[in-house]
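I opened my notebook to get to know a new structure. Here is what I looked up, entry by entry.

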Amino acid sequence: MFTLAEVASLNDIQPTYRILKPWWDVFMDYLAVVMLMVAIFAGTMQLTKDQVVCLPVLQSTVNSKAQPGTSGKADFTTVETTTGQGEEASMRTFSFGSAPTVTPDVPLSRATSSQYEPTESGQELKKEQKDSSGRKTNLDFQQYVFINQMCYHLALPWYSKYFPYLVLIHTIILIVSSNFWFKYPKTCSKIEHFVSILGKCFESPWTTKALSETACEDSEENKQRLTGAQSLPKYVSTSSDEGSPSASTPMITKSGFKFSADKPMIEVPSVTILDKKDGEQAKALFEKVRKFRAHVEDSDLIYKLYVGQTVIKTVKFIFILGYTANFVNTISFEHICNPKVEHLIGYTQFECTHNMAYMLKKLLISYISLICVYGFICLYTLFWLFRIPLKEYSFEKVREESSFSDIPDVKNDFAFLLHMVDQYDQLYSKRFGVFLSEVSENKLREISLNHEWTFEKLRQHVSRNAQDKQELHLFMLSGVPDAVFDLTDLDVLKLELIPEAKIPAKISQMTNLQELHLCHCPAKVEQTAFSFLRDHLRCLHVKFTDVAEIPAWVYLLKNLRELYLIGNLNSENNKMIGLESLRELRHLKILHVKSNLTKIPPNITDVAPHLTKLVIHNDGTKLVVLNSLKKMTNVAELELQNCELERIPHAIFSLSNLQELDLKSNIIRTIEEIISFQHLKRLTCLKLWHNKIVNIPSSITHIKNLESLYLSNNKLESLPAAVFSLQKLRCLDVSYNSIALIPVEIGLLQNLQHFHITGNKVDILPKQLFKCVKLRTLSLGQNCITSIPDKVSQLLQLTHLELKGNCLDRLPATLGQCQLLRKSGLVVEDHLFDALPSEVKEVLNQDTSIPFANGI
């Protein structure tokens, strides 16, 4: 038999799950417990007291009463009680005629056959009784026990015998059906996770803080108090979302919320102060809620399982009620038993009494009453399940009562769980909704951010960049800390991967700020902040994934000098880009576009008259249409890098003011068009590096004003004499080609200061090279050079000499006569440097600062 504790474990639901059990589930659980007690009580009584008592039906006695004078024979019974030592009283029964004679002192066969023997006189009977002897066996008692047991199974209805066990089985099935959705693996994991998150959201200090503040913000009384807040400005903090603050309402950096001005200061800490640990827990809750919602909203398994188990309980109720009602009347006190054991007992019919019938019938009626109540509750549950769409849940009331108007509606299992929670307490879902709001999350981030990034910590992150400007780089933060805008001496501000960046009016304090970087950071600015940026910002870098991420206010910065756009600007998205608004950038001088353009956007020509430098870096996308370049007559520097250009674009030859041209990383093979550069009188720098140029045409001599020529990383095999006719050439870079010989005409370049021929096949250095006495940089590494002439000492202005990667066995001692050359500028193998004379090494190891300064 089950113990109560063992059966109760079937209904053992964790206390935390009670918030998912509506009143009908709780009520049905109690009903199930009562039914379980009925089953156990009935079963216990049946095991201890259940029995039937049967007596034979004497047919002859009935006949004699019906006809008392028809027979001369009289049936009588003589009862003699004998008491022996240690024995019970026994009863002897004698019958006459058809009545049985039972004598416990003789065997059963004799007692059974005595009914067929003729009767004797009373004297003979007394004599026989007196003379009889034998062992007492109580067979009459055993006969009645035998009949009782047989009639218990034959005469008693089966429902009277098995009713307690059926009730127990039915109750266990109902209990299992009620709580199956808490046990099924695919649902219990979601339910357990939901209950855990819900409890944490309910108890989180951030929930209380957010709801308290929004209630304070939305109350009419608070709005009236805020109207008169100017008399007590020190209690008021203005959020960046509300526009620029007035001079009399300074911002509180630790919070972005508004508070009533005429509230006592005692009440403020309970709302504004949020412990750092609590803030971190709240941030973790936002992430958990977001992931849980994405995981649960995609299915409705919990809803279907709950509906299914409710339907099963309803069907079970109908089944139990249907068959139980038919067996109520079968439980009775009296029963007629007709066992086929006449040869053993001598009787054919017995009348039996069931001593538990009355109690079992009462228990059965109680059970039917309970099951009826249980069934009506199941029907109500089905009505509730189908009355409203439980797979949709709206936070409309929460949105109306708070400022979190962005709380989204949810669906499927997530919605069903919230509906179940509402049956327990609607406050749970209201507090849970706080963690579905992005506005709430942003406010939490703002508080946590300001708590973590104090002014002192930000000051430690300020550094000096290459231009010797104070620079602050903020990376992957939840927002821009308020303390940033207290760094009034900052020159450069870099914001990277900050999706919720907001620039408040406090930026107007940063009077030195002239350069701003927005890397995947679509920052929002207040009106006052925009006015400041429009008047003071000079350089802006915007890096984005999609063109829509570029803030609209970028195109309205009238005093902007430099604009860098890095992101996807292909032809399909060009219509989305606000480059037509670039016409407002009247002072723009430098436009840098790093993208995948197939043509130069025509809208760029709107700012063409102002541009002096245009840079287009493609990612390998072929730049086809370049006609717009003709309108950029004032462009002095033009870079078209990685644009898959096969030839020098003809549109470039119209840029009369062009001074520097960079066509790096294209697929240019021939530069015969270079003769047209003679019309570009101001061209001084030509960069054709990282292409596939095979030879240099002699027409290069027509670019007489050329000062820098970069032809590295091409396929040149020789240098034509025409290159050395460019008398103004100061920098020549032909590194990483296949050049085997340096022409002697190189001595004609008297103004040459930088010569790079690293990574070629040069084996001999001509003496004429050392006539270029103005050389400062000489890169000869990774060639086949076997010796360095002593005439290297003529290069008195040499500061950098690269010789590493050649076939040298020694260095000339005359290197010590190169006054500006030091060890840091000498790139050679260590063993070659160690082989130099000690006095030469001593000269090369001298301090470089003073001689270098004098040389300059």
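How many aromatic pairs does the count come to? I was working with a predicted model, and in it the count comes to 22 aromatic pairs.

**Entry: rings around Trp 181**

I started with Trp 181 and Phe 182. Their ring centres are 4.5 Å apart and their planes meet at 40 degrees, so I noted the pair as tilted. Both Trp 181 and Phe 182 are buried.

Then I turned to Trp 181 and Phe 416. Here the centres are 6.2 Å apart and the planes stand at 65 degrees; an angle over 60 counts as edge-to-face, so this pair is edge-to-face. I looked up where the two residues sit: Trp 181 is in helix α7 (residues 158-183) and Phe 416 is in helix α17 (residues 412-424), so the pair ties together parts 235 residues apart in sequence. Phe 416 is buried, as is Trp 181.

I also wrote down one aromatic cluster, formed by Trp 23, Trp 24, Tyr 380, Phe 383 and Trp 384.

**Entry: charges over rings**

Which ring does the charged end of Lys 664 sit over? I found that ring to be Trp 689, with the charged end 4.9 Å from its centre. I noted Lys 687 as well, which lies over the face of Tyr 710 at 5.2 Å from the ring centre.

**Entry: Ser 779**

Next I looked up Ser 779, which has its place in strand β22 (residues 777-779). Is Ser 779 buried or exposed? Its relative accessibility is 3%, and buried means under 20%, so Ser 779 counts as buried.

I then checked what surrounds Ser 779. Its side chain has a polar contact of 3.0 Å with the side chain of His 756. Leaving aside neighbours within four places in sequence, Ser 779 is in contact with Phe 755, His 756, Ile 757, Thr 758, His 800 and Glu 802.

**Entry: positive phi**

I kept in mind that most residues other than glycine have a negative phi. Glu 644 is not a glycine, yet it has a positive phi of about 60 degrees. I placed Glu 644 in the loop between β16 (637-641) and β17 (660-662), and its relative accessible area of 26% makes it partly exposed.

Tyr 736 is in the loop between β20 (731-733) and β21 (754-756). With a relative accessible area of 40%, Tyr 736 is partly exposed.

**Entry: the whole chain**

I stepped back to the protein chain, where I read off 24 helices and 24 strands. The chain has 856 residues, and 47% of them count as buried. Among contacts between residues at least 6 apart in sequence, 55% join residues at least 24 apart. The accessible surface comes to about 42500 Å², and 54% of it belongs to carbon and sulfur atoms.

**Entry: confidence**

My last page is on pLDDT. The mean for the protein chain is 77, and 77% of its residues reach 70 or more. Over residues 61-122 the pLDDT is below 50, although the model gives this stretch 66 contacts beyond near neighbours in sequence. Residues 124-128 also stay under 50, and the model has two contacts for them beyond four places in sequence.

Conventions
Residues numbered from 1 in each chain as written. Predicted model: local features only at pLDDT ≥ 70, side-chain atom pairs only at ≥ 80, totals over all residues. Heavy atoms only, no water. Helix = DSSP H or I, 4+ residues; strand = E, 2+ residues; numbered from the N terminus. Buried < 20%, exposed > 50% of the residue type's maximum accessible area, 1.4 Å probe, protein only. Polar contact = N/O pair within 3.5 Å; in protein donor to acceptor, adjacent residues only side chain to side chain. Contact = heavy atoms within 4.5 Å. pLDDT = per-residue confidence, 0-100. Phe/Tyr/Trp six-rings, centres within 6.5 Å; stacked < 30°, edge-to-face > 60°. Lys NZ or Arg CZ within 6 Å of the ring centre and 35° of its normal. Areas by Shrake-Rupley, 256 points an atom, 1.4 Å probe, with all protein chains shown as cover.
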